Amino acid sequence: MKKTNLLSFLVVIGLILSSTKLIASITITLTAGELYQSNGVTPMADNGLIQLIADTGADGFTAPSNSSFVGGSPNDIILASFALDHNTFGSSGCFSNLINYTLLAPVVAGNQLMFRWFPLLTISSSQPGVTSYGQFTSLTATDFGNGWIVPADGGVIDLNLLTLGQGGSHAESYGVANLLVPEPTSFAMLGSGLLMIGSMIRRRK
Ligand SMILES: [Ca+2]
């Protein structure tokens, strides 16, 4: 390549780079305390699964099913998944972590955020299965003064779910997970499976 050609090539590359808008990212500090299993007594183990989800369809959050963390909803987007291994309050079942998320469509500023926890799963779980889960979201200001909403490009936000015992505004019982109800299709599959086994045993007799 000639020297002049190389120079014009570099100038073009420079122009392209300077005209490209840098993709901004948001920073979220997510803190939660006293998360329990569905029995309300056993603290969430340190390998439990934590998720931060955005509702990009403004139609609310779909409950998890035993085959999908977001119940098959195409507009509930999981921004981050964590193992519960950041113990900040000196006891089990507590979580705090910094999330750096690059704002990519369909996630935009203003989307509502939800915090969900699965006490019996691990970070490597590919689907909930039949297990327990808990969730929290609030559009209005909550602990430390922020609603659970995606901030604008470059924004930094603190989201906290702290119980009364930790100086927050939520009753201790808020950290209790519910038991996930199996989907009807799973029951139907189990039922037909049992029928098949039954008929096989009958034929053998
Ligand atoms: Ca939704």
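# Close-up views of a predicted model

Residues 24 or more positions apart account for 68% of the contacts in the protein with a separation of 6 or more. The model shown in these views is predicted.

**View 1. The protein is built from two helices and eight strands.** Read from the N terminus, the order of elements is α-β-β-β-β-β-β-β-β-α. The protein has 205 residues, and 28% of these are buried.

**View 2. Five strands form an open sheet in the order β3-β2-β5-β6-β8.** The pairing in this sheet is antiparallel. The edges are taken by β3 (76-83) and β8 (178-179). Each of these two strands has a single partner, so one of its sides has no neighbour in the sheet. Within the sheet, β5 and β6 are joined by three bridges. Arg116 has Gln135 in β6 as its bridge partner.

**View 3. Strand β2 is paired with β3 and with β5.** Seven bridges link β2 to β3 in the antiparallel sense. Ile53 is bridged to Ile78 of β3. The pairing of β2 with β5 is also antiparallel and has seven bridges. Here Leu52 lies opposite Phe115 of β5.

**View 4. The residues of β2 point two ways.** Leu49, Gln51, Ile53 and Asp55 point to one side of β2, while Ile50, Leu52 and Ala54 point to the other. Are these residues buried or exposed? All of them are buried. Seven of the seven residues of β2 are buried, so the strand is largely enclosed by the rest of the structure.

**View 5. Strand β1 pairs with β4 and with β7.** The pairing of β1 with β4 is antiparallel and extends over eight bridges. In this pairing, Ile26 has Tyr101 of β4 as its bridge partner. The strands β1 and β7 run parallel and are joined by six bridges. Ala32 is bridged to Leu161 in β7.

**View 6. The largest nonpolar core contains 33 residues.** Which residues have the most contacts inside this core? They are Ala32, Leu52, Ile53, Leu113, Phe115 and Trp117. At least two core residues come from each of β1, β2, β5 and β7. In soluble globular proteins, nonpolar side chains tend to be buried together.

**View 7. Trp117 touches residues from several parts of the sequence.** Leaving out residues up to four places away in sequence, Trp117 touches Leu35, Met44, Gly48, Leu49, Ile50, Tyr133, Gly134 and Ala177. Trp117 is also among the residues with the most contacts inside the largest nonpolar core.

View 8. Most residues other than glycine have a negative phi. Why is Glu34 classed as buried? Glu34 is buried because 24 other C-beta atoms lie within 10 Å, and the cut-off for a buried residue is 20 or more. Phe144 has 15 other C-beta atoms within 10 Å and is partly exposed.

**View 9. The peptide bond from Ala105 to Pro106 is cis.** Omega for this bond is near 10°. Pro106 is found in the loop between β4 (95-102) and β5 (112-118). Most peptide bonds are trans.

Note on methods:
Residues are numbered from 1 along each chain as its sequence is written. This is a predicted model: local features need pLDDT of at least 70, side-chain atom pairs count only at pLDDT 80 or more; totals for chains, interfaces and linings use all residues. Helices (H or I, at least four residues) and strands (E, at least two) are DSSP runs, numbered from the N terminus. A residue is buried if 20 or more other C-beta atoms lie within 10 Å of its own, exposed if 12 or fewer, and partly exposed in between; C-beta atoms are placed from the backbone. Two residues are in contact if their C-beta atoms, placed from the backbone, lie within 7 Å. A nonpolar core is a set of buried Ala, Val, Leu, Ile, Met, Phe, Trp, Tyr and Cys residues joined through C-beta atoms within 7 Å. Two strands pair if DSSP finds at least two bridges between them.
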